[in-house]
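Dear colleague,

My notes on it follow below.

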Amino acid sequence: MTLDNPTSRFLKLPDTSEREATDLFHREEVQLALRNRGMPLEIMRYPVTPTGMHYLVIHFDIPDIDIDQWKLQVGGLVSQPLSLSLDDIKKRPARTMAVTMECAGNGRALLNPRVFSQPWFNEGIGTAEWTGTPLKGILDEAGLTDGAVNIVFSGADQGIQGEVLQVYQRSLNIAESMREEMMLVYEMNGQPLQPQHGYPLRLLLPGWYGMASVKWLDKIEVVGDQFQGYQMAKSYRYTQDTEEPGEPVTLIRVRALMIPPGIPDTMTRVRWMTAGQQTLTGRAWAGRLGVSRVEVSVDDGSTWSVATLGEQVSTFAWREWSFDWNAVPGWHTLSVRATDTEENVQPIEQFWNAQGMGNNMAQRVRVLVE
Ligand SMILES: Nc1nc2c(c(=O)[nH]1)N[C@H]1C(S)=C(S)[C@@H](COP(=O)(O)O)O[C@H]1N2
Ligand SMILES: [Mo]
């Protein structure tokens with residue numbers, strides 16, 4: 001949207017002095033938010049997110065890697081342990097795939113009561129074209145031996161979380177690890193991985209929430225039991241309190257997001273737009289599943305209309321949607337929700353969990369039309 005007459009005029013959108021206490025963020029949440037940037041939602045206009053605008057999550061520090069010393073070690077219950085340099089890995093069969101990645105905590109800041117952690121609204125999302133080699137090829141070459149149950153992927157980053165000193169580690173069962181789309185990637189959008197995205201090598205598990213795609217990967221170990229590391233057994237669980245074990249967070253749930261239409265108020269991000277025919281657009285994804293339907297509401301969820309689905313960027317990436325709206329003057333709350341190919345639909349009200357995971361509540365956007 002462009003203004004016909006860009007002359008400034010006085011226009012007061014909701015008053016920021018009337019914020020409630022629940023809207024105030026803690027110093028540590030702000031600190032996390034500054035390290036872990038989100039993707040500005042208007043950037044959904046690009047099918048592939050420019051690298052500098054892809055979201056980021058870094059639990060500890062970005063590790064300092066000496067590429068001359070660096071090797072990927074593959075060991076444990078294998079018949080042939082491997083030690084591979086980046087050049088060795090690049091010589092293997094290569095594949096490039098667009099993948100939509102989302103943080104499992106996306107939407108967390110919208111919970112009430114709010115959960116203290118990286119305070120995403122809806123911007124923990126991005127789609128990149130990743131280049132690497134299939135994980136299965138490496139595992140086949142190493143040769144899993146009898147009794148292999150889990151594969152443990154370790155990053156070079158270390159820190160303390162939940163009072164546990166640890167390296168960032170996640171595990172995966174054998175069947176998932178052997179899926180065709182699982183990759184070890186060394187390029188993002190045609191360039192070597194940037195330090196913040198896992199240089200020199202990361203795991204990429206399309207369809208899974210982002211935490212599973214271990215960055216700065218330097219060790220793959222095949223083990224004979226269920227790995228119980230912190231990022232599996234304690235963190236990334238759906239629980240109602242910190243005591244119960246709960247269920248593991250795994251695949252990405254269905255979600256659609258809207259490019260906020262019109263123009264924003266700097267402080268509140270509330271939108272302003274002119275009356276008449278407007279096209280609302282955005283993207284929708286469902287991890288491993290497809291998106292079967294996207295619906296838009298212009299009356300705060302009272303009624304829903306079906307949007308037009310556009311092309312899907314790849315099997316594991318988002319697809320565009322659009323919806324023509326005849327905007328009438330006044331205040332409106334716009335909303336969008338998607339349904340996946342297994343008929344899971346995004347909730348209107350968020351169910352709450354103690355770590356603020358998998359929150360795929362339908363997005364709401366306040367708009368003043370004049
Ligand atoms: N080694 C390591 N891998 C990691 C993380 C991390 O902190 N350390 N963060 C995870 C989380 S929670 C997410 S959502 C994704 C984010 O990947 P990105 O920063 O490239 O978008 O990386 C995952 N892999
Ligand atoms: Mo994440």
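**The ligand and its surroundings**

Ligand 1 sits in the largest cavity, where a cavity is a set of points, on a 1 Å grid over the protein atoms alone, at which a 1.4 Å probe fits but cannot get out, and sitting in it means that more than half of the molecule's atoms lie within 2 Å of its grid points. Please bear in mind that this is a predicted model, in which local features need pLDDT of at least 70, side-chain atom pairs count only at pLDDT 80 or more, and totals for chains, interfaces and linings use all residues. Residues are numbered from 1 along each chain as its sequence is written, chains are lettered from A and ligands numbered from 1 in the order in which they are written, and side-chain values use heavy atoms, with hydrogens and water left out.

Around ligand 1 there are 19 residues (each with a heavy atom within 4 Å of it), of which Tyr55, Asp157, His197, Arg202 and Lys215 come nearest.

Taken alone, ligand 1 exposes 530 Å², and the protein buries 100% of that (areas by the Shrake-Rupley method with a 1.4 Å probe).

**The chain as a whole**

Along its principal axes, the C-alpha trace of the chain spans about 70 × 40 × 40 Å.

Best wishes

Conventions:
1 Å grid on protein atoms, 1.4 Å probe; cavity = no way out; pocket = protein on both sides within 12 Å on 5 of 7 lines; lining within 4 Å.
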